[in-house]
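Open the model in your viewer and keep the selection tool at hand. Each stop below gives something to select and says what is there.

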Amino acid sequence: MSDYLSLENVTKRFQSPEGKDVTAVDSANLDIAKGEFVTLLGPSGCGKTTTLRMIAGFEFPTEGRIVLEGKDIAMLPPNKREMAMVFQSYALFPHLSVYENIAYGLRLRKMSGATLDKTVQDAMDVVNLKGMGKRRPAQLSGGQQQRVALARALAIKPKVLLFDEPLSNLDAKLRVSLRVEIRQLQKRLGITSIYVTHDQSEAMSLSDRIVVMSAGKIMQVAEPREIYLHPNNPFVADFIGQANFLDGVANSVNGEMAEVNVQGQVVNVPCQVALKPGPCKLVVRPETIKLGTEGTFAGRVKTVSYMGSTVEYALESMGKIINVVDHDATWQRVFNEEDDVRWTFRADRSYAMS
Amino acid sequence: MLKRRAADPVFIFGFILSVAFVGIAILYPLGKMLSTVVSVEAIPYFERFLLRPTFQLIIARTVILGLVVGACGTLVGFVFAFFQARVAAPGWLKKMAHWMALIPVVSPPFAVAIAVIVLFGRSGMISYKLLNLRPNIYGLSGLTLVMTLSFFPAAYLNLLGLMRALDPSHEEASANLGASKLRTFMRVTLPMLAPGIASSFLLLFVEAIADLGNPITIGGDFDVLASRLFIAITGEYDLIAGAVLSVILLVPGLIVYLVQKYWADRASVVSVTGKPVGQHQPVRDWRVRVPILVFISFCTFLIALIYLTILFGAFTNLIGIDNSLTLKNFDYVLNGVGQDAFSDTTILASLATPIAGFLGMLIAFLVVRGKFVGRGALDFGTMLGLAVPGTIFGIGYLLAFNNPVTIAGITVLPKLTGGRAVFGGALAILLVYVIRSTPAALRSGVGALQQIDPAIEEASTSLGGDAFTTMRRVTLPLIRPAFLSGLIYAFSRSMTTISAVIFLTTPEIKIMTQQIYNETDTSRFGNAFAYVVVLISIVLVAIAILSLVVGTRTGAERERK
């Protein structure tokens, strides 16, 4: 992968109001290829927005380099970076029409006349806003406003397109349809994109690669599938999807497979390469558990949530709560609270980590 | 060593400019005054002012005046605001009451005082000619009437804003729980307005004790600190006495400021979200409406009467004695002796207006968007220009700028005040205009900027705009209404101010308010009234021109259907 944009040991420390040093981003390293769609994902306060704002130039790293096409841009002001940002609050210029909003960056690049008009019209076309040029932002719906913001950013043909939780002010249905549009557009235009979100389904569906962050540190960088199936550590496992952690003992480790003893049951499971024989954690996803009247482990149903297409259970088993999602509720028996059940899980879909 | 970001040159320039302005025009003269007061020569003055019964009486009178005017003005302001926001009344009546309440804002000091003397004085048109009474209007009663009429608009606007921002759901909740309207008003509405009422009272208190124009016109022998201070400077040429009196005058104002900052602000329960939150039910009960309507009618009638008297007086030989119509007063003001004052004042105010407007917006920008240590101090320093009584700046300027300012033998600033000052002292007056007006522009700028999502400015820089472009094409257009109100305030304030400027006028530079005082002092009321009419006209014309040039809208408003 040829590196287009790289973060090298980027660290950002703030002074808290009490005068304490707070490390918002802790020596982050990340290489992004040209045309790639990378998502920064994590809970609020994990440093993802600060990282994005340092790439945009709204914040400046305390240490480290940000390299774009071989040049360190870490200390350049935002207007010298050839990037464009799509904001959570849309940040449209309320006193300018849709047309003038989109033309803003182009005019700053001394574009005018027919070229300007064509570029603006094309940008409006791309985001399905044809004929809305004369309207004011206040006359548009939230979804339309975010389309204008997207068109405004795309129009200047930025080297990197930045998204700061652009869909979180929209309602759920719109969020899904707009994210599909964003992904299609980004693939078609081949524009390098960095997207910040705390919504994992957004991250999973949009990204070439996901960067999971926690407490200022990058926890894992990988493709969505890899992140879900082979999380690096308990945080990632728990943050992406739901995870049950079963305590086990690895009898032997052979590359990417391990033989693990869970409550007397010996299973062959995929594992971290770094796993050593001895005590370990087994990540078991709720949807890989099968409930029934027969099975390896015993448990008791504590809560049942009937969701229509699925049923979610919380079982009391092995002295902890085990979450189960039954995606086959139409055919399976639905259990009640306080029912005694048996359960088993798909070993090839679980993952052992230290 | 770490690479440091090169800060935006526009930002740095703005920062240096603001700090220089606050330092030279506000802090330096204040510091000079304070250092005079803590010097050895000042000790006997403190003895004289604080220990002698005559001066203790003056201090007591000052405080009494502040309390009485604070209470009366807040009450009138409250009734006007309540009428405007809550009482069912025809629209034209509300509009009229609103405009009547705003007239005193653009009128110079003295105007109301002289009109009251003409109407209600010993030989007043109403008191003597109509009712055959010979009241003594000079003193506390006259001062209270005049100051209440002059200062209540501030309380009115303050309380009106709060009443409109109150969420009606609190009152609905109270009614829903079974409380009567009166009980809801006493137990819910009034307590929620308490911080606003308190801050209005304090504001009027400070205005009343700092006011100079009214005590020297209608105060009679009811000596207060401000008039004593005036005599000390203009009669006795005793700058140290003036400085010591200034500091004594500053103490109550300072206490009020601290109380306001640490109590009133914190106790405020009104949250301004900018979102419309439904409608208050207007009060229709006649037991409430009738007294309020009578009161409002009486007050608006009084204000109208006063300003009609001024207008009429400007066109008569000697109002109340020789009521024949004449234009000679205007001839005097526009073509005669007053011509210089007319042009000097207008030119200086026109210069001060854009400077104060831009400085206000610039400092507001630095305070709201800047990330440097000390933005609070910059804000505070600028606000001192308004918070400190004008007389104090007058004396501070005399102390600081009567000689050239030199650092290590090099003249940094030439002599700004007194005889042979640069531009005949015009620069000092200009600076005073600017420091008195910038705080209001700053506050409205801060208010407007806080409403603007910082992401909008970031969007501009992200699209390639530098700080200057962003300011010019995005920020300024969005704060245009705030900018306009800052400019309007600056112009009307500069045209009508007297307290600081009265010490700084020179034979070369004449100021209209100073001329009005001279005419009043020598009982040439016709000339004084003509000045007032001309002055108010200039202010109104300027407001119209400014609104036209700057524009009242940002373009971001939703289209009305």
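Start with helix 4 and helix 7 of chain B, whose crossing is left-handed (near helix turned anticlockwise from the far one by less than a right angle; clockwise is right-handed). Select residues 91-106 for helix 4 and 140-165 for helix 7. Helices here are DSSP runs of H or I, at least four residues, numbered from the N terminus. The two axes come within 8 Å and cross at roughly 115 degrees. Axes are lines fitted to C-alpha atoms over the stretch in contact, and angles run from 0 to 180 degrees between N-to-C directions.

Now show the contact (C-beta atoms, placed from the backbone, within 7 Å). Helix 4 of chain B brings B:Ala101, B:Leu102, B:Pro104 and B:Val105. Helix 7 of chain B brings B:Leu149, B:Ser150, B:Pro153 and B:Tyr156.

This is a predicted model: local features need pLDDT of at least 70, side-chain atom pairs count only at pLDDT 80 or more, and totals for chains, interfaces and linings use all residues. Residues are numbered from 1 along each chain as its sequence is written, with chains lettered from A and ligands numbered from 1 in the order in which they are written.

Next, select residues 454-462 and 467-478 of chain B, helix 19 and helix 20. They pack at about 140 degrees, axes 10 Å apart. This crossing is right-handed. Helix 19 of chain B contributes B:Ile456, B:Glu457, B:Ser460 and B:Thr461 to the contact. From helix 20 of chain B come B:Thr470, B:Val474 and B:Thr475.

Finally, bring in chain A. The contact takes 21 residues from chain B and 23 from chain A. Helix 19 of chain B gives the most to chain B's side, with 6 residues.

Note on methods:
Helix = DSSP H or I, 4+ residues; strand = E, 2+ residues; numbered from the N terminus. Contact = placed C-beta atoms within 7 Å.
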